[in-house]
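Thanks for passing this one over.

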Amino acid sequence: MRIKFSGVTKIFKPDIIALRDVHLDIEKGEFVYVVGPTGSGKSTLLRMITREVLSSKGTVSVGDMNLKKMRVSDIPYYRRDVGLVAQDFKLIPHLTVYENVSFVMEAMSVPSKMVEYRANKVIEQVGLWRRRFMNPPQLSGGEQQRVAIARALANSPSLFVADEPTGNLDFRTSAEVMKILMSINAGGVTVLMTTHNQYIVNTYRQRVVELDAGKVVRDERAGGYAPDDHL
Amino acid sequence: MTIFKYILRDTGRLLFRHWFLGILTLVTAAVMMWILGLTTLFSMNVQNLLLKLESELVVQAYVKRGSEVSAAAERIRTLPSVASLKALSPEETLAKLQARMGSQARALDLIGENPMPWNFEVRVKSASQVVHLVRSLMAMEEIEDVVYAGMVVERVAAISRVASEAAMAMFILAILITSLVVYNTIHISLYSRREEIAIMFLVGATRGYISTPFVLEGTFLALLGSLIAVGGITSAYFPGIRLLQENLPFLSLVEDPGTIVQFGVLLIGFGATLGWVCSYIVVTRFMNSATRPL
């Protein structure tokens, strides 16, 4: 899915400017890192794509939909096409790995046989087959993140949004998560990921959009975490 | 079909997850519906008693000697509060009096000539109209005197009024308490799952899918509470009225099993509807705030 930000400004009441006149065009199938210091507006940008936050000015379009004009009843159907992975995993602690993944499909009235097949498939894809009946608190941070990825993959989304997916993970686990994200992108899914991890951005070179105080200060194809002369 | 299966499963999970709170709600709902049911039954019985008294209430109007009896009867029949009218000749009246006096009736022979005038037994449509009817009869020139059980009527009407007001107050109180308890239970249930609900919204669950189990939880608790209350009422009511009628046989009580079953079904339906409405309101309010974009 193509994502387009046209002159987007977001002001949180009373006067906190999170994004200022952002213009961004992300093509279908692209992998984009959104980098920048804390408070630069990275998460706000992602939350606009999931329609948790609406713009104060300008328009955010995903595919052919203007998110601000989207009907409330259409939001669930839109979100089913957006895989979401958060830094704090956002898993339901009293449900097992399998249940955390399957309930996304159950909410779509997918027949139980199909739910079982698809949930097992994505759990296997992220390497958690042997942990499928464990609850999130029994898993390591990396494993929990992989559950979140499996859940986001369950509905075969066209767009994958990851907010600091490696933020709480060690070097090795982060690399594992990145490999999964790269393979998802290789399947034609647009991936948008915010990160502070310089190593990851510099190792898995992709398009980099840098924000600072809510403004896009750099948009570079196959860029590093910072311009080369700053590294 | 699949979605119903998932929703029912989630409702079961909700009920078991907050089982203690659920039991508290159930007990409160059952007690309140029980009070509501008993109050309504009491009110129904008072109404029944009043209707019986009204149906037996007779105003005796004595006709002046020399007046045209049939013309007076016609005029009385046209009064709106009159249910029926029966004209009694002096002979019939005397015979009735003698029958009522029993062994003392011989005293009447001493009078010689029959002193009883023509009179009418007038039945009223409602006890509350008696006083008005008596005034109308007294104003008629053909009528000599009017006799009626004035105090009894006034007292029964007053009891009925107080009973209706007390029943209404209990009714409102029971509804308020039950609504508050169901509302709070569902609110706590929603609040304890607020993060889960936020996640479900983010991954594309519809509002109906998320909210239906909560609404069903509230409806189920109120329904079960009403069922327990109706069970308690019916098991206590029939032995209760049997005991009352053994000791006070003149009391006219609601004892038709069909009426009581109908009342029980209505109470269960009312309880379930109350649970549904309260849960729906709290869930809608919660979901509105949870889905509002920043």
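1. Ground rules first. This is a predicted model, in which local features need pLDDT of at least 70, side-chain atom pairs count only at pLDDT 80 or more, and totals for chains, interfaces and linings use all residues. Residues are numbered from 1 along each chain as its sequence is written, while chains are lettered from A and ligands numbered from 1 in the order in which they are written.

2. On confidence, the predictor gives the complex an ipTM of 0.80 and a pTM of 0.70. Chain B has a mean pLDDT of 82, with 97% of its residues at 70 or more; pLDDT is the predictor's confidence in each residue, from 0 to 100.

3. Chain A has 7 helices and 10 strands (DSSP runs numbered from the N terminus: helices are H or I, at least four residues, and strands are E, at least two). Of its 231 residues, 47% are buried. Here buried means 20 or more other C-beta atoms within 10 Å of the residue's own, exposed means 12 or fewer, and partly exposed is in between, with C-beta atoms placed from the backbone. Among the contacts in chain A with a separation of 6 or more, 68% are between residues 24 or more positions apart; a contact needs C-beta atoms, placed from the backbone, within 7 Å.

4. Have a look at strand 3 of chain A, residues 31-35. It is largely enclosed by the rest of the structure, because 5 of its 5 residues are buried. In a regular strand, side chains alternate between the two faces of the sheet. On one side here sit A:Phe31, A:Tyr33 and A:Val35, on the other A:Val32 and A:Val34, and both faces are covered.

5. What does strand 3 of chain A pair with? It runs parallel to strand 8 (residues 190-194) of chain A, with 4 bridges, and A:Val32 has A:Leu192 as its bridge partner there. It also runs parallel to strand 9 (residues 206-212) of chain A, again with 4 bridges, where A:Tyr33 is partnered by A:Val208. Pairing requires at least two DSSP bridges between two strands.

6. At the interface, 14 residues of chain B are in contact with 19 residues of chain A. On the chain B side, helix 1 (2-17) and helix 7 (194-202) each supply at least two residues, and helix 7 of chain B gives the largest share, 4 residues.

7. Finally, B:Leu51 lies in helix 2 (residues 19-56) of chain B. It counts as partly exposed because it has 14 C-beta neighbours inside 10 Å. B:Lys125 is 74 residues away from B:Leu51 in sequence, yet their C-alpha atoms are 9.6 Å apart in space.

Methods: Two residues are in contact if their C-beta atoms, placed from the backbone, lie within 7 Å.
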